[in-house]
Each structure stands twice: as structure tokens, then as C-alpha cells.
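Reader: I would like to learn how to read a model like this one. Please take it feature by feature.

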Amino acid sequence: MLHQEGKLIKVKKGIYRDDLDLISNGVEICADHRIPKDKGETNELDNGQTLCTGHNLMKKNYSQTEAGKRFFIKMYKQAMNVDDLKIVRFCKDVFDVYDDHDIDKHIQRPD
């Protein structure tokens, strides 16, 4: 809506910046889904938010840590099935790092 009113300049799809002639402290902002479409949400307005570019990238990085932990859980289970103790130990070490840094505790580690 702010773009349509001429208050924001569209940089590319989903990314806008302030019109510096109208506002003295410009910052690039992104149109963002609160819950991503690939997790079942829609493009409805109540699922939208604006974030500065830095925070939008940070949010994407957080979802990457979740994807990483899920990948290691899958690797761990496959290693357990074939009794590959080297990979099992490796995955447990990775899970310990997640725990040590208090990252993605909502995803239960398998061991």
C-alpha cells in the first residue's frame, strides 16, 4: 500500500526502500510471510509483516538451522540402521553443539 501511495520505492519483488526525498532516515524493508507458504500458510494480509533487510536475512538463517538439525536427525537415524558408529558419534556431537548454544531446542534430538 505504501508503494502504491508513492511512499516506498520497489527495489525488486518483495523488497522496498523509503523514498529518501520524503523520509530522511531511509532503510530497506522486505515484505515477509510470518509463517512461510511452504509450511502451509497463505498470502493473506494477516500472515504478512515488514522487516528490515537485516532482520529478514536473520529470520532466514534461523530456518536454515532448523533444516540443518532435521538433516542431522535423518542422517543419525540412517547411521543407526546400518550400525555406522562413526556417523552416529558425529551426529551426537552436532546435537551437543545445538544444545550448547541453545539453538532449536523445540526440535527433539533422537538420542
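Reader: What is the average pLDDT of the protein?

Author: pLDDT is the predictor's confidence in each residue, from 0 to 100. Where pLDDT is low, the predicted coordinates should not be read in detail. Here the average is 83, and 86% of the residues score at least 70. Among the elements, H2 has the highest mean pLDDT, 97. Strand S2 (residues 15–18) has the lowest, 72.

Reader: How many helices and strands does the protein have?

Author: Both come from DSSP runs, numbered from the N terminus: helices are H or I with at least four residues, strands are E with at least two. This protein has 2 helices and 4 strands. Along the sequence the pattern reads β-β-β-β-α-α.

Reader: How much of the protein is buried?

Author: Start with the cut-offs: buried is under 20% relative accessible area, exposed is over 50%, and partly exposed lies in between (1.4 Å probe, protein chains only). Of the 111 residues, 23% are buried. Asn56 is one case, buried with a relative accessible area of 7%. Asn56 lies in helix H1. Contact means heavy atoms within 4.5 Å. Leaving out residues up to four places away in sequence, Asn56 touches Cys30, Asp32 and Leu51.

Reader: Which residues make up the largest nonpolar core?

Author: A nonpolar core is a set of buried Ala, Val, Leu, Ile, Met, Phe, Trp, Tyr and Cys residues joined through side-chain atoms within 4.5 Å. The largest one has 11 residues: Phe72, Ile73, Met75, Tyr76, Ala79, Val88, Cys91, Val94, Phe95, Tyr98 and Ile107. H1 and H2 are the elements that give two or more residues to this core. Take Tyr98: not counting residues up to four places away in sequence, it touches Thr65, Gly68, Lys69, Ile103 and Asp104.

Reader: How many aromatic pairs are there?

Author: Rings of Phe, Tyr and Trp (its six-membered ring) pair if their centres lie within 6.5 Å; planes under 30 degrees apart are stacked, over 60 edge-to-face, the rest tilted. That rule gives 3 aromatic pairs. In Phe71 and Phe72 the ring centres are 5.7 Å apart and the planes stand at 75 degrees, so this pair is edge-to-face. Tyr76 and Phe95 have centres 5.9 Å apart and planes at 65 degrees, so they too are edge-to-face. That pair links distant parts of the chain, with Tyr76 in helix H1 (residues 53–81) and Phe95 in helix H2 (residues 85–100), 19 residues apart. Tyr76 and Phe95 are both buried. Ring pairs also link Phe71, Phe72 and Phe90 into a cluster.

Reader: Is Arg109 buried or exposed, and which side chains does it meet in polar contacts?

Author: A polar contact is a pair of N or O atoms within 3.5 Å; within protein, one must be able to donate a hydrogen and the other to accept it, and residues adjacent in sequence count only if both atoms are side-chain atoms. Arg109 sits in the segment after H2. Arg109 is buried, at 15% relative accessible area. The side chain of Arg109 makes a polar contact of 2.5 Å with the side chain of Asp99, and one of 2.5 Å with the side chain of Asp111.

Conventions. Residues are numbered from 1 along each chain as its sequence is written. This is a predicted model: local features need pLDDT of at least 70, side-chain atom pairs count only at pLDDT 80 or more; totals for chains, interfaces and linings use all residues. Side-chain values use heavy atoms; hydrogens and water are left out.
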